[in-house]
Amino acid sequence: MPLRSAARKRRARLATLMALHYSGARWWMIHCPDLERRSMARRKKIYEGKAKILYEGPEPGTIVQYFKDDATAFNAQKKDVVDGKGVLNNRLSEYFMTGLINIGVPTHFIRRLNMREQLVRSCEIIPLEIIVRNFAAGSLSERLGIEEGTQLPRPIVEFCYKDDDLGDPLVSEEHIAAFGWASQQDMDDILSLALRVNDYLSGVMYGVGIKLVDFKIEIGRVFDGDFQRLVVADEISPDSCRLWDIETGRKLDKDVFRRDLGDLTDAYSEVARRLGLLPQTAVVKPTLIN
Ligand code: AIR
């Protein structure tokens, strides 16, 4: 890309992200995520994953989730840094988690702290990826030879064992019970949470002209004294869902990155815009200097 058009694109993207309604927004948090990360060096890092870093929270039982711009696919065989992705996912995940809490679905989310961070309850993550599918796509289409986009007779819930070295293999409830990853009661609760998230997310997306093809959630155990309850944890964002425009079929999720279909932040910004988290029209703002 010629230098000038790359700079223009970067400026336009920055202007768009600046328009996100953040309290305490600082431009360098979008522009220089490394700078921000360095400023947090005193905070204790608990874990660094592919797309997020977890830091010790300000009070016991809390964690700060930092959203990176790193994009990975195919178990990190494909990698890139996508400017602004972390900012968008932080905001979008806040939106979905808050919506779930409002309809009585428990989540780990407490509040967003800034452009890239949110405060969450610390929980013990059940080592399963819970996938809900409404239409065939991705690995289900490959595995069963069903054309992508085919409507499934009913939502199908799948479980993968969370292990990067093994490539998160598909497992059955038999494996989960036999290896003690979750109890029968947990599984009943997980299934019910997954389907409630599906109802909520499908509805919200349908309302803005987007089809929820499938998504992945993670579930955590929160302990209140001796009492354990399950909450939706991790994140809900276009990194973890398949979202297709109902009219055009345009992909508005991480498949844009996985399959080299265009600009990932454009796609995620479109989701944020439709949900009212970004202005409807691109904000034409001068550079930060003038
Ligand atoms: N997913 C699974 N592991 C990581 C993620 N993000 C999500 C995908 C997709 C759904 O789970 O983003 O929305 C199903 O993925 P697949 O690859 O099994 O078809």
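In the predicted model, the buried residues of helix H7 are Ile-190, Leu-193, Ala-194, Val-197, Leu-201 and Met-205. These side of the helix is described by its partners: the buried residues of H7 pack against helix H4 (85-102), S9, strand S10 (151-161), S12, strand S13 (227-233) and S14. Helix H7 itself comprises 24 residues, 184-207, and its first and last C-alpha atoms are 35 Å apart, close to the 34 Å expected at 1.5 Å a residue. Gly-209, which has a positive phi near 75 degrees, follows H7.The chain as a whole contains 9 helices and 14 strands. It has 290 residues, of which 34% count as buried. Among contacts between residues at least 6 apart in sequence, 58% join residues at least 24 apart. The mean pLDDT of the protein chain is 90, and 82% of its residues reach 70 or more. Over residues 21-28, by contrast, pLDDT stays under 50, and the model has 8 contacts beyond four places in sequence for this segment. Where pLDDT is low, predicted coordinates should not be read in detail.

The ligand is surrounded by 14 residues, the closest being Gly-138, Ser-139, Lys-216, Ser-240 and Arg-242. Two or more residues of this shell come from each of strand S9 (128-135), helix H5 (138-144), strand S12 (210-224) and strand S14 (241-245). Of these elements, S9, S12 and S14 are also among those against which the buried residues of H7 pack. By class, the shell consists of 5 nonpolar, 3 polar and 6 charged residues.

Asp-253 lies in the loop between S14 and helix H8 (255-258). Asp-253 counts as buried because 26 C-beta neighbours lie inside 10 Å, where 20 or more are required. Beyond its neighbours within four places in sequence, Asp-253 is in contact with Pro-238, Cys-241, Arg-242, Leu-243 and Ala-267. One of these, Arg-242, is also listed with the residues closest to the ligand. The C-alpha atom of Asp-253 is separated by 9.4 Å from that of Thr-265, which is 12 residues away along the chain.

A hairpin is formed by strands S4 and S5, with 4 residues between them. The two strands, covering residues 70-73 and 78-81 respectively, run antiparallel and are joined by 4 bridges. Within this pairing, Thr-72 has Lys-79 of S5 as its bridge partner. In the turn, Phe-74 has a positive phi of about 50 degrees.

Note on methods. Residues are numbered from 1 along each chain as its sequence is written. This is a predicted model: local features need pLDDT of at least 70, side-chain atom pairs count only at pLDDT 80 or more; totals for chains, interfaces and linings use all residues. A residue is near a molecule or strand if its C-beta atom, placed from the backbone, lies within 6 Å of it. Ala, Val, Leu, Ile, Met, Phe, Trp, Tyr, Cys and Pro count as nonpolar, Asp, Glu, Lys and Arg as charged, and the others, Gly among them, as polar. The expected span of a helix is 1.5 Å times one less than its number of residues. A residue is buried if 20 or more other C-beta atoms lie within 10 Å of its own, exposed if 12 or fewer, and partly exposed in between; C-beta atoms are placed from the backbone. Two residues are in contact if their C-beta atoms, placed from the backbone, lie within 7 Å. pLDDT is the predictor's confidence in each residue, from 0 to 100. Two strands pair if DSSP finds at least two bridges between them.
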